[in-house]
Amino acid sequence: MKTTIILTVLLVFLCKNDVYGVPRKFAQSEMSYSADGRSNKTYYLSPDKGNFFLAFLNCLSAGMELATIESKEESATVKTLLLSTNITDGWKNGYWLSGTALAHNETSEYHWFSTGHKIIYFDWAPHQPDNTNGIERCIEIGLRNETIGWNDQNCMLSLGYICQTRGPCTYSGQ
Ligand SMILES: [Ca+2]
């Protein structure tokens, strides 16, 4: 009995102190955000930058996931969020989404890395995707020539990123 109590207390202590990993420490309150009522998602702009993989890890570590945009309505929500932050023109000022063609390099078939779903809704900017130099395999969203849209970008480039939370009853559209 005594041993059981000690073990229980120890487990509670361990779980509360995240000894199994070090979570990314950013408070959601320091991130601009916008809720999409239809899909029950909330999008958060990160306060820092990183390559596609760091963005993926940081969102996951913070209890969220790197963003997906699966409809025209979600795209409008994210665009409103970006415009509220006075986003600067230029692809190097963009934000990572979780879309990538890395798994299907030959066919350039895009999937959302956060969900595994094949992408069926796209919101490419004019003249994109262009896979410049054959190394642009990840999707960013950014402002270019006064239009917000998607661009295929070098996954190793350091960009801002957008995390999302999902409601408990999310319909993915698949
Ligand atoms: Ca491109």
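**Close-up views of a predicted model**

**View 1. Helix H2 and the residue that follows it.** Gly63 comes after H2 and has a positive phi, near 85 degrees. The model shown here and in every other view is predicted. Within H2, the buried residues are Phe52, Ala55, Phe56, Asn58 and Cys59. The cover over these buried residues of H2 includes strand E3 (65-66), E4, E6 and E8. An α-helix has 3.6 residues a turn, so residues three or four places apart point the same way.

**View 2. The protein as a whole, for orientation.** Three helices and eight strands make up the secondary structure of the protein. In sequence order, these elements give the pattern α-β-β-α-β-α-β-β-β-β-β. The protein has 174 residues, of which 34% are buried. Among contacts with a separation of 6 or more, 70% join residues 24 or more positions apart.

**View 3. The largest nonpolar core.** This core holds 34 residues, and the members that touch the most others are Leu66, Trp96, Leu97, Tyr161, Ile162 and Cys163. Two or more core residues come from each of strand E2 (41-45), helix H2 (52-61), helix H3 (72-83), strand E4 (95-100), strand E6 (136-144), strand E7 (147-154) and strand E8 (160-166). Which residues does Trp96 touch, not counting residues up to four places away in sequence? With that exclusion, the contacts of Trp96 are Phe52, Ala55, Leu66, Cys138, Glu140, Leu159 and Tyr161. Of these, Phe52 and Ala55 are also among the buried residues of H2.

**View 4. Strand E2 and its two pairing partners.** Strand E1 (residues 33-36) pairs with E2 in the antiparallel sense, over four bridges. Is E2 largely enclosed or largely open? Four of its five residues are buried, so E2 is largely enclosed by the rest of the structure. In a regular strand the side chains alternate between the two faces of the sheet.

**View 5. Ala67, a buried loop residue.** Ala67 lies in the loop between E3 and H3. Why is Ala67 classed as buried? Ala67 is buried because 26 other C-beta atoms lie within 10 Å, and 20 or more are required. Leaving aside neighbours within four places in sequence, Ala67 is in contact with Tyr43, Leu97, Ser98, Ile162, Cys163 and Gln164. Among these contacts, Leu97, Ile162 and Cys163 are also named with the core members that touch the most others. Val78 stands eleven residues from Ala67 along the chain, and their C-alpha atoms are separated by 9.7 Å.

**View 6. Lys118, an exposed loop residue.** Lys118 is placed in the loop between strand E5 (111-112) and E6. Is Lys118 buried or exposed? Lys118 is exposed because 11 other C-beta atoms lie within 10 Å, and a count of 12 or fewer defines that class. Not counting residues up to four places away in sequence, Lys118 touches Glu109 and His111. Between Lys118 and Thr100, which are 18 residues apart in sequence, the C-alpha to C-alpha distance is 9.8 Å.

Conventions: Residues numbered from 1 in each chain as written. Predicted model: local features only at pLDDT ≥ 70, side-chain atom pairs only at ≥ 80, totals over all residues. Core = buried A, V, L, I, M, F, W, Y, C linked by C-beta atoms within 7 Å. Contact = placed C-beta atoms within 7 Å. Pairing = 2+ DSSP bridges.
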